[in-house]
Amino acid sequence: MRAVAPWVRTRLRAAPGPAVALALLALITAFLAAAFPRAVDTYEGAALRHELGVASPDHTVVEVTRPLDSAGLTGTPGQIEQELRPGFLGPRYDRVVATLPEPLRADPGQSSYGVHTLEGLKAADPWLPRPEGLASVFTLSTQSDLAGHSRLREGRLPRAAAGSVTATTTQVEAAVTTENAGPLGIKVGSTIHLPSTVGRQTLAVRITGIVEPLRPSLSYWSAESSLRRAVLTAAPGNGGLVRHYWAGGLLLPPEAGPALLGATDKAESYWRVAPETAGLRGADIGRIDDAVASLEHGPLQTELRTSVAQDAEADSGLDDIVTGLSSLLGAVRPVVAVAAFGAGTVAGVVLLMAAGLAAGRRGAELTLLRARGASVRGIAGRLLAETAVPVLPATAAGWGLAVLLTPEGRLPASVLAAVGVAVLGCGALPVRAAILHRRPRLHGERDDLVRARPSRRRTVAELTLLVVTVGAVVALRRRGTSEGGVDQLVSAAPVLVGVIAALVLGRLYPLPLRFAARPMARRRGATGFLSLARAGRSTTTAALPLLALLIALTTAAFGGSVLAGISDARDRASLLSVGADASVEAVGQLPASLAGAVRKTDGVRDVTSLERDDNLDLGDVQGGAVSGVVTLLAVDPDSYARLARTTGRGAFPADELKRPGASGPLRGIASPGVAARLGDGSARVGNSFRMFSVRVAAVRDATPAMSDGDFLVVNAADLPEHQDNTLLVTGPSVRGSALRATAHAAGAGLDVRLRSETRDALTDSPAQSGAERIYTVAVAAGAGFAVLALLLALLQAAPERTALLARLRTMGLTRPQGRRLLVMESMPQALLAACGGALVGWAAIRLLAPGLDLARLALSDQQFPGLTAVHLRADPLSLLLPAVGVVVLAAGVAVVQAWLATRRTTTTELRAGDPR
């Protein structure tokens, strides 16, 4: 006797298409769900490495120091000197490295140790440069492994025999870098005499070699910059006079450490550990902060003092760097979470719709099984096994693909996301089938959206959801998203608004259909009435595609507005910073030929020359006392008026700056503060170089040449002793290389700035660019799932529509009428979703904008005085384009479906016993 064929194998062989489609849907959804947390970790890790890479090396190293004048240096002079030699310092360096906790790992190639002076020692040699009469000063250091970090250019490296240098030594050898030797005039064989600050004999340092640093920008050389290059340093003098002197560094051999005891009492031993940044991840941000805190004031400080020295102190600027990055990420994460909630909700709805489509397609089969005695539990178990076969391997493949494409990130979070997709994908169909078939159903029962009456349980659930949504919106408006953490309820606020809107529209949907069906019933044609009647007889499961479309449209509108707001903020910030598309500034007067040469440069549309004077004194008209300093802008009225109109900052008619005659006070455009102080009449203003009379002709809050602050704009032709020092250039396509070449050809010392370069600098942080990419992908994924939801809804109704069309054709309905019927039938819900989505998206933006500050995401840590906050605003394109796309897609699918349906023969669709 043959065994009965297994249920799962039989079902999958009988209908392989739906199983493959479900597997593909599960794979894509699992991939997106698992990739999201890993992608977030990827850009956060890249942001951490970027911040450490661009930070100054003296802020990124972990430095353990031991002062030489402390009470810890006890013992005989010989013992103290021994503690300043490599034999003592080297093993302590190994202990410091061993004490560092994860994720702080030492980069041996950039770490060092030794003894150095804390203050520069004044050189007594007259041959060294004295730019303003001040002696050059030098820092002494016995930094380890000089040979491995430099290339010898002249002479030889300094040497000292083991134990030969003591605190009483008066002469040692040293090397200097090329950037120290050049400015200071040091050569091989030069001797630098450094008088002792502790009353001992002068220390003579003989230069035996000049070296060139290898990788000078990294920590070994840049953690103490004076060792790498000589710097002209300012020293305050009497009466506020500033004088300058040269500060350089001398590199002594490691055995010469005891010599510093006789030269100064301001010295220390140090162990400088540069962290290895290549392996750092986003999850290490908090751990680095904790590790530095423990080294500076916690248990690890105690361990350092036990293993290195009782008076050892640790210090690092790493905690400041990671604190700033944490603040930036704290502002970025809630915004990204909004997109994740939207896309995830739409994906979940699509999985539920796929289960609903399968349950509807197999409704007759499951009803028959129930009639033959199958239990609900048994049916659910079989369906669970049937869906698990395609879903579980597909989910695992999606998770594996996510791990492969995003190698950096947390495994547990991605595993949980993939497991959630698997649970929903496997359990949706069995649960829905169990709910539908928990009691016997009569054939032909109507489940119309128009006739359906919501139950009390549904009403209570909807009211509960409404209360939760109101709470989320209020919390977002009050607290905002700048508190550093991701509040799940607050981040889900846009999605909750979309869900509430879908529920409200679902309840209101039958009303317009009823009102529209009455006039249609009195018309001669049957197409309009039939389409509305068919739309009203949609099953209550039509709420799912409506929910998916509304959430997707709300998320798309919200996300598009976020991205548009970020772009707009960067445009405004770059405009505030530069003043136009480009600017050329000079310390003194601009070359006379520059304006004409720039005007001929490719991409330049207009050029505005002006004088900017930041030292304009305003006198009180009544008392004559100086009441403040503002910026004077002397401009050409015509070109500057065009620039103001183009930039949208303080537009004005050019005639307002032109005085009617050759004499009389100048006409000026002033900021509100300046206008209030000058009053309505003529006022005498100026500075020690020139004075003139001016009368305020107009008041403007902003002007192109000023990002912030008080200003007074006058006609340059009327201003005495006028000299242009700034050039503002308009032309979106102007190239920086061409403009700089033109400026450099006209004269030296000109500073060229481009608005496009300033704008690009606002996106250099991986935290910003990564968050924007994830946000864009999340919005696109939500839109894709919404399209799939619409297609599933139309596919679910396709068999019934085809059979209906066949019946109507037997009663005389023509093919064009049949096509119009299907298109018009699909339009009510598409129009409802499109209009409702655009309206809900706008409402969500209006409701949530006060609590969403995009400044950190748009501008990172940079400050722009005229741009303090960046709030969300509705973007018309983001609101209307997705809505129009839904209508066009629904109409297009209906047209294709109608065309395919009308090409089939009636006898193919109308078969005896067909219940459709």
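**View 1. Thr169 sits in the loop between S5 and strand S6 (171-177).** This close-up comes from a predicted model. Leave aside the neighbours within four places in sequence, and Thr169 is in contact with Ser164 and Leu203. Another residue to look for here is Leu260. Along the sequence, Thr169 and Leu260 are 91 residues apart, yet in space their C-alpha atoms are 9.4 Å apart.

**View 2. The whole protein chain, for orientation, has 30 helices and 21 strands.** There are 916 residues in the protein chain, and 49% of them are buried. How much of the contact comes from residues 24 or more positions apart? Of the contacts with a separation of 6 or more, such pairs account for 80%.

**View 3. Helix H11 covers residues 318-361 and is largely enclosed by the rest of the structure.** That description holds because 31 of its 44 residues are buried.

**View 4. Helix H9 (residues 284-297) packs on H11.** The angle between the two is about 150°, and their axes are 9 Å apart. Since angles over 145 degrees count as roughly antiparallel, H9 is roughly antiparallel to H11. The crossing of H9 past H11 is left-handed. On the H9 side, look for Ile285, Ile288, Asp289, Val292 and Glu296; they meet a set of H11 residues that includes Leu318, Val322, Leu325 and Leu329. Sorted by class, this contact has seven nonpolar, two polar and three charged residues.

**View 5. Helix H13 (residues 376-405) packs against helix H14 (residues 411-436).** Here the angle is about 155°, with the axes 8 Å apart. That makes H13 roughly antiparallel to H14. This time the crossing is right-handed. From H13, the residues that meet H14 include Leu383, Leu384, Val391, Leu392 and Trp399. From H14, the partners include Val415, Ala418, Gly425, Cys426, Leu429 and Pro430. What classes of residue make up the contact of H13 with H14? There are 18 nonpolar and four polar residues, and no charged ones. While you are looking at these helices, keep the turn in mind: an α-helix has 3.6 residues a turn, so residues three or four places apart point the same way.

**View 6. A cis peptide bond runs from Glu102 to Pro103.** Its omega is near 5°. To find the spot, go to the loop between helix H5 (86-99) and strand S2 (112-117), which is where Pro103 lies.

**View 7. Asp145 has a positive phi although it is not a glycine.** The value is about 55°. Look for Asp145 in the loop between strand S4 (137-141) and strand S5 (150-155). Is Asp145 buried, partly exposed or exposed? With 46% relative accessibility, Asp145 counts as partly exposed.

**View 8. Glu721 is another residue other than glycine with a positive phi.** For Glu721, phi is near 55°. Its setting is a loop too, between strand S19 (711-715) and strand S20 (726-730). Glu721 has 59% relative accessibility, so it counts as exposed.

Terms used. Residues are numbered from 1 along each chain as its sequence is written. This is a predicted model: local features need pLDDT of at least 70, side-chain atom pairs count only at pLDDT 80 or more; totals for chains, interfaces and linings use all residues. Side-chain values use heavy atoms; hydrogens and water are left out. Axes are lines fitted to C-alpha atoms, for helices over the stretch in contact, and angles run from 0 to 180 degrees between N-to-C directions. Helices (H or I, at least four residues) and strands (E, at least two) are DSSP runs, numbered from the N terminus. Angles under 35 degrees count as roughly parallel, over 145 as roughly antiparallel, 65 to 115 as roughly perpendicular and the rest as oblique. A crossing is left-handed if the near helix is turned anticlockwise from the far one by less than a right angle, and right-handed if clockwise. Contact means heavy atoms within 4.5 Å. Ala, Val, Leu, Ile, Met, Phe, Trp, Tyr, Cys and Pro count as nonpolar, Asp, Glu, Lys and Arg as charged, and the others, Gly among them, as polar. The expected span of a helix is 1.5 Å times one less than its number of residues. Buried means under 20% relative accessible area, exposed over 50%, partly exposed in between (1.4 Å probe, protein chains only).
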